[in-house]
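Hi,

Here is the structure I promised to pass on to you.

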Amino acid sequence: MSSSSTAPPVKPPMRDALVTAAFRLFLERGYEQTTVDDIVALAGVGRRSFFRYFPSKEDVVFPDHEGCLADMTAFLAASGPECEPVARVCDAARLVLRMYAENPTFSVQRYRLTKRVPGLRAYELSVVWRYERALAEYLRDRYAGRPDGTLRADVVAAAVVAAHNNALRSWLRSDGEGDAAATVDHALGYVRAAFGGPAAGPAADGAPAALFGGPVEHPDDVVVLVSRRDAPLWRVVQEIETAFGRA
């Protein structure tokens with residue numbers, strides 16, 4: 001004689017349950033109208049459990065960035081001298097894209113929420129800055145000893161982040177439709193074509209052979225850019241774009 005019983009449903013990990021509960025309430029009530037107490041009540045846990053995983057309510061909106069930043073840092077640290085630096089930081093940026101693409105629905109919901117809440121936008125910018133700093137630190141080490149090493153590292157890191165984020169937001173605005181990887185690859189191709197070494201090739205990733213323009217008509221031309229030491233990186237990139245456009 002035998003008997004059978006139904007196994008109880010498997011509960012999601014507490015961290016995932018908190019994120020799910022938070023976004024359900026954010027969508028139903030709004031971010032500002034939702035408290036941590038509301039989130040833990042819906043998730044069926046205590047406040048202490050929430051703060052064990054998330055230092056603040058803002059952090060529950062970006063639950064995966066800390067892990068992604070750690071993965072990026074480890075990826076760059078494992079780079080050998082044979083790695084072309086610009087290609088390497090472009091590959092590092094693709095780790096961020098992979099994080100978004102693994103869950104398009106959640107990524108699109110977060111994008112829409114962040115657009116509506118200024119505080120979350122400011123928080124997101126601080127996260128983006130940390131990614132950019134990780135890329136710049138790797139590049140500064142690779143360009144050490146060059147007279148323009150620090151400047152080049154900072155400009156390339158800013159360009160990689162700008163290209164990646166432009167393509168990522170385009171994909172998010174399309175509700176996560178289409179090939180996110182191809183969109184980002186195309187954008188990063190401009191960076192590799194502009195700043196990369198021989199490994200990038202004359203038209204890497206389908207990008208044109210000149211920065212923000214068509215083929216280089218006079219390959220022997222030299223453009224010298226003079227900029228203030230304290231100029232913001234976006235201004236330096238803008239001046240480079242203008243210089244190449246007029247060359």
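A word on conventions first. This is a predicted model, so local features need pLDDT of at least 70 and side-chain atom pairs count only at pLDDT 80 or more, while totals for chains, interfaces and linings use all residues. Residues are numbered from 1 along each chain as its sequence is written, and side-chain values use heavy atoms, with hydrogens and water left out.

Let me begin with the rings. Rings of Phe, Tyr and Trp (its six-membered ring) pair if their centres lie within 6.5 Å; planes under 30 degrees apart are called stacked, over 60 edge-to-face, and the rest tilted. That rule gives seven aromatic pairs. One of them joins F23 and F26, an edge-to-face pair with 5.7 Å from centre to centre and 65 degrees between the planes. Both residues belong to helix 1 (residues 14-29), where they are three residues apart, about one turn of the helix. Helices here are DSSP runs (H or I, at least four residues), numbered from the N terminus. F23 counts as buried because its relative accessibility is 4%, and F26 is buried too, at 2%; buried means under 20% relative accessible area, exposed over 50%, and partly exposed in between (1.4 Å probe, protein chains only).

Y53 and F54 make a tilted pair, at 6.5 Å between centres and 45 degrees between planes. Y53 is partly exposed at 33% relative accessibility, whereas F54 is buried at 2%. Ring pairs also link F23, F26, Y31 and F106 into a cluster.

Two charges sit over rings, in the sense that NZ of Lys or CZ of Arg is within 6 Å of the ring centre and within 35 degrees of the ring normal. K57 lies over the face of Y31, 4.1 Å from the ring centre. The charged end of R146 is placed over the ring of Y143, at 5.3 Å from its centre.

How many disulfides are there? The count is zero, taking a disulfide as a pair of cysteine sulfur atoms within 2.5 Å. As for the cysteines C83 and C90, C83 is buried at 16% relative accessibility, and C90 is buried at 0%.

Next, the helix packing. Axes are lines fitted to C-alpha atoms, for helices over the stretch in contact, and angles run from 0 to 180 degrees between N-to-C directions. Helix 6 (residues 85-101) and helix 9 (residues 149-173) pack with their axes 10 Å apart, at an angle of about 30 degrees. These two helices are therefore roughly parallel to each other; angles under 35 degrees count as roughly parallel, over 145 as roughly antiparallel, 65 to 115 as roughly perpendicular and the rest as oblique.

Further along, S107 has its place in helix 7 (residues 104-116) and is buried, at 1% relative accessibility. S107 and G176 are 69 residues apart in sequence, yet 8.0 Å apart in space, C-alpha to C-alpha.

Finally, D175 has a positive phi of about 65 degrees although it is not a glycine. D175 is located in the loop between helix 9 and helix 10 (180-195), and at 41% relative accessibility D175 counts as partly exposed.

Best wishes
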